[in-house]
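The exercises below are meant to be worked through with the sequence and the model side by side. Please try each task before reading its solution.

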Amino acid sequence: MTSKTFSPLTTHVLNTADGVPGAHMALSLHRLDPHMVLWNLLTIGTTDKDGRCSELITREAFTAGMYKIRFETGQYWETLGQTCFYPYVEIVFTIIDQDQTFHLPLLLSRFSYSTYRGS
Amino acid sequence: MSVRLQHIKHHIFAANQCAEMTTPLLSPLTTHVLNTGRGIPAANMNLSLYLLDATSPSWNLLRTGATNDDGRCPGLITREAFIPGVYKMRFETGQYWEALGETCFYPHVEIVFTIIDASQKFHIPLLLSRFSYSTYRGS
């Protein structure tokens with residue numbers, strides 16, 4: 001992005017089975033259109049070698065509402081030559097105060113995952 | 001309310017919760033929801049189970065229910081109906097916390113998982129607080 005401001009929404013994927021960042025995992029960010037009851041695709045991206053994905057959304061575009069981040073977990077493990085119990089993981093969350101920053105990590109193994117609001 | 005009406009009310013309430021099926025065979029798919037924020041089972045949480053129809057593609061609703069006092073939902077699916085495929089369990093987490101007078105960061109939680117060998121058992125717990133959740137394949 002041309003501005004120096006960071007995305008108010010960040011993520012960090014960790015492969016807890018191997019103890020490494022979840023690098024090169026495809027993901028997408030969606031916002032629920034409340035009138036149409038549809039998900040609007042906002043951003044697609046891939047985690048970097050540190051498992052992070054910068055520039056998910058700009059401060060201006062980050063309005064209050066319901067969002068979803070979808071992580072292509074099945075595809076990720078397949079690239080590592082393994083299966084995964086979860087073909088994908090979608091985390092749906094509500095943003096009320098868009099002036100805050102929200103860090104949503106995903107800690108993932110082949111048979112488990114967790115997420116939390118971090119900082 | 002009279003005692004008799006109270007009994008009837010409790011029967012109706014209990015029927016909405018997941019109950020053991022008439023057959024003694026247990027569901028090959030089970031769940032257990034825990035409220036890690038308060039250290040208690042998450043009772044009376046609405047949930048639903050879906051199976052992906054890959055041809056449409058669309059989700060077929062198999063079952064709705066609610067967790068019992070122990071946060072469990074027995075009788076989710078029969079052994080016969082449990083075929084290989086992609087399933088989704090949806091938990092109404094926002095509604096659950098709202099009933100406790102609190103907000104939740106997650107309006108609902110959907111866990112999508114692939115069953116390859118349907119002869120096994122699959123226990124899918126959900127550990128939930130207002131700002132976090134985790135799940136795993138348990139036993």
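Predicted model: local features only at pLDDT ≥ 70, side-chain atom pairs only at ≥ 80, totals over all residues.

Residues are numbered from 1 along each chain as its sequence is written, chains are lettered from A and ligands numbered from 1 in the order in which they are written, and side-chain values use heavy atoms, with hydrogens and water left out.

**Exercise 1. Find which residue forms a salt bridge with Arg70(A), and state where the two partners lie.**

Step 1. A salt bridge is counted when a side-chain nitrogen of Lys or Arg is within 4 Å of a carboxyl oxygen of Asp or Glu, and the structure holds 10 of them over all chains.

Step 2. The partner of Arg70(A) is Glu90(A), with 3.3 Å from N to O.

Step 3. Arg70(A) belongs to strand β5 (residues 65-71) and Glu90(A) to strand β6 (residues 89-95) of chain A, so that the pair links distant parts of the chain, 20 residues apart; strands are DSSP runs (E, at least two residues), numbered from the N terminus.

Step 4. With buried meaning under 20% relative accessible area, exposed over 50% and partly exposed in between (1.4 Å probe, protein chains only), Glu90(A) is buried at 13%, whereas Arg70(A) is partly exposed at 23%.

Step 5. Both residues also belong to a network of salt bridges that links them with Lys68(A) and Glu72(A).

**Exercise 2. Name the residues that touch the most other members of the largest nonpolar core.**

Step 1. A nonpolar core is a set of buried Ala, Val, Leu, Ile, Met, Phe, Trp, Tyr and Cys residues joined through side-chain atoms within 4.5 Å.

Step 2. The largest one has 56 residues, and those touching the most other members are Leu9(A), Phe93(A), Leu29(B) and Phe113(B).

Step 3. Leaving aside residues up to four places away in sequence, the contacts of Phe113(B) (heavy atoms within 4.5 Å) include Phe85(A), Leu29(B) and Ile124(B).

**Exercise 3. Describe the contact between chain B and chain A.**

Step 1. The contact takes 21 residues from chain B and 20 residues from chain A.

Step 2. About 1,800 Å² is buried between them, 63% of which comes from carbon and sulfur atoms; buried area is the accessible area (1.4 Å probe) that two parts lose on being put together, summed over both.

Step 3. Phe105(B), Val112(B) and Tyr133(B) supply 33% of the area that chain B buries against chain A, more than any other three residues.

Step 4. The count of salt bridges between the two chains is zero.

Methods:
Helix = DSSP H or I, 4+ residues; strand = E, 2+ residues; numbered from the N terminus.
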